[in-house]
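Subject: Structure handover

Hello,

Here is the structure we talked about passing on. Please open it alongside this note; my findings follow below.

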2 protein chains.
Amino acid sequence: MNAPTPSVSLKDALSRACSEIESTIDALLPMVPGDESVLLDAMRYAALGGGKRLRGFLAVEVATLFGADREAALRVAASVELLHAYSLVHDDLPSMDDDDLRRGQPSTHKQFDEAIAILAGDALQTRAFEILVEPETSTNPTVRANLALALAQASGSAGMVGGQVIDIRGEGRALPLDQVRRLHALKTGALIRYAAESGAILADVDDERRAAIVAYGRDLGTAFQVADDVLDSTATAEELGKTAGKDEASGKSTYVSLLGIDGARAEARRLSDRAREALSSFGAQADALRALADYVVERRN
Amino acid sequence: MNAPTPSVSLKDALSRACSEIESTIDALLPMVPGDESVLLDAMRYAALGGGKRLRGFLAVEVATLFGADREAALRVAASVELLHAYSLVHDDLPSMDDDDLRRGQPSTHKQFDEAIAILAGDALQTRAFEILVEPETSTNPTVRANLALALAQASGSAGMVGGQVIDIRGEGRALPLDQVRRLHALKTGALIRYAAESGAILADVDDERRAAIVAYGRDLGTAFQVADDVLDSTATAEELGKTAGKDEASGKSTYVSLLGIDGARAEARRLSDRAREALSSFGAQADALRALADYVVERRN
């Protein structure tokens, strides 16, 4: 069955999910009294009030597509957003990307200090795993353990953090296209793919449907990154809410430096189309996911 | 049933467990090719080749006491040691305790650099959770999920990381005894208590035995910290393998500054005795755990 013209408005679905994810994170990071309250302040500062919630939206949409309980799906979505927030807090640190600005606001170590930013990132990672294995996420303990396992594989040394190391080591020297692909597959791709897959794990679907979602998530993640490189070289800081043109300035190999602007745009479109094709066995309920594949390559920030 | 005179040699049991835990960590952190190999290098540097393995030993001994599979127990022990290693790597960073020396060797950010140290700590935390939820740890998914949940509770914002924040915020000002107790209960106590409890979770024992082990682990952890304060104010850097007298120099409130050397020694002994009492319903198989309660207050490093 081929996808019909999207009947749902992606904007409405995104906006509804964003607001629900925000409330869920708010409830999952309650303030505490005492000297450690600054830690919760920093965790909430890093995790709330901004962001596209692309990863959380993917988790919720896939879970909903497969009939999972929405409240449980929102917990999984909140978890992946906390994991993502931890990675941004640590990436922005002076010894890493040294970025003072995040989503148009002071990054966490500028708003608080370096020590609190490191610890807030650490505790956000812990909380992401904790939420997944809490009984409220699923009555099925295999599902809880599998969600945590898949998150660890996507975010650890063989995933996001491994990609960040390759990125740091690659700065200032030219990388060939296959290494740039691998870098991004790890650094940003793995967590985006996991976000989609998490909805399928939560709904405990068969291997075939899970594989289709993984294929979708993988291509969507790469399309997102290629589009990000295009944006970084064409958009303004105001549009991005963060420093623009940084990759070029630091001598990083990007999809744009390797393929040119037009080549990178074509690559993003090709990946986006293939992501849509991976959903061909699903009905109209997957239309928001299809529209998302267009959105990630057409967005301006 | 009261404890007989220890029939097993704690030294032998510790030495055997240390070597098994070391091999297990070695196998669980395999090297990889590529630019990310430096990350695995740093993770292995931080996690292997040193340390008392107090936490890992607790996990193994309690699991063995309750008849759990030793290979599974060693995985849980390795996990808690990786979690502990991550906390040391981040604690030593310039923006935190700024310590150049750890176990007599350059700390991870001195041996590598700050960015790699932050990322190695991050990935060690992830790996600690990953190991717990991998099927090899237990065929029972509830056990796997519960191990991860208990570790998250012990190490996150309401445990170890929360305690580290209170510690940072308390530097240079006098804290009353109850706040020093709470600080250490969170910063070091929670993970030591978890280490003991993890063996009981792995063996899936009844609530009564789990509660006895938790009581033991809690008192042992506090006794360990009080003894640490005594050591910090009396031992040399050579004996400790790290900078000595740091707490006093930084104006931190410690058990020694609040109770005096003799008062702190008496407190450590009282807690150690109470930890032994918590094991009164267990037979001679718990003798190594009893001897450990003596060891933590009598050690010289």
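How many cavities of 30 Å³ or more does a search of the whole structure find? The search finds one. Keep in mind that this is a predicted model.

The largest cavity has a volume of about 30 Å³. Its lining comes from chain B: B:Leu14, B:Lys52, B:Leu54, B:Phe224, B:Leu292 and B:Tyr295. By class, five of the lining residues are nonpolar and one is charged, with no polar residues.

Now the interface. On chain A, 47 residues are in contact with 47 residues of chain B. About 4000 Å² is buried between chain A and chain B. Carbon and sulfur atoms give 67% of that area.

Polar links are there too. The rule finds six salt bridges across the interface of chain A and chain B. One of them joins A:Arg182 to B:Glu36, with the closest N and O atoms 2.4 Å apart. Ten residue pairs are in polar contact between the two chains, counting pairs with both residues at pLDDT 80 or more.

Which helices of chain A supply at least two residues each to the side that touches chain B? They are helix 2 (37-47), helix 4 (70-91), helix 6 (114-133), helix 7 (141-155), helix 8 (160-170) and helix 9 (177-202). Helix 6 of chain A gives the most, with twelve residues. By class, the side of chain A that touches chain B has 25 nonpolar, eleven polar and eleven charged residues.

Best wishes

Definitions and conventions. Residues numbered from 1 in each chain as written. Chains lettered and ligands numbered in written order. Predicted model: local features only at pLDDT ≥ 70, side-chain atom pairs only at ≥ 80, totals over all residues. Heavy atoms only, no water. Contact = heavy atoms within 4.5 Å. Buried area = accessible area lost by both parts, 1.4 Å probe. Salt bridge = Lys/Arg side-chain N within 4 Å of Asp/Glu carboxyl O. Polar contact = N/O pair within 3.5 Å; in protein donor to acceptor, adjacent residues only side chain to side chain. Helix = DSSP H or I, 4+ residues; strand = E, 2+ residues; numbered from the N terminus. Nonpolar A, V, L, I, M, F, W, Y, C, P; charged D, E, K, R; others polar. 1 Å grid on protein atoms, 1.4 Å probe; cavity = no way out; pocket = protein on both sides within 12 Å on 5 of 7 lines; lining within 4 Å. Points joined across faces, edges and corners; volume = space filled by probe spheres on them.
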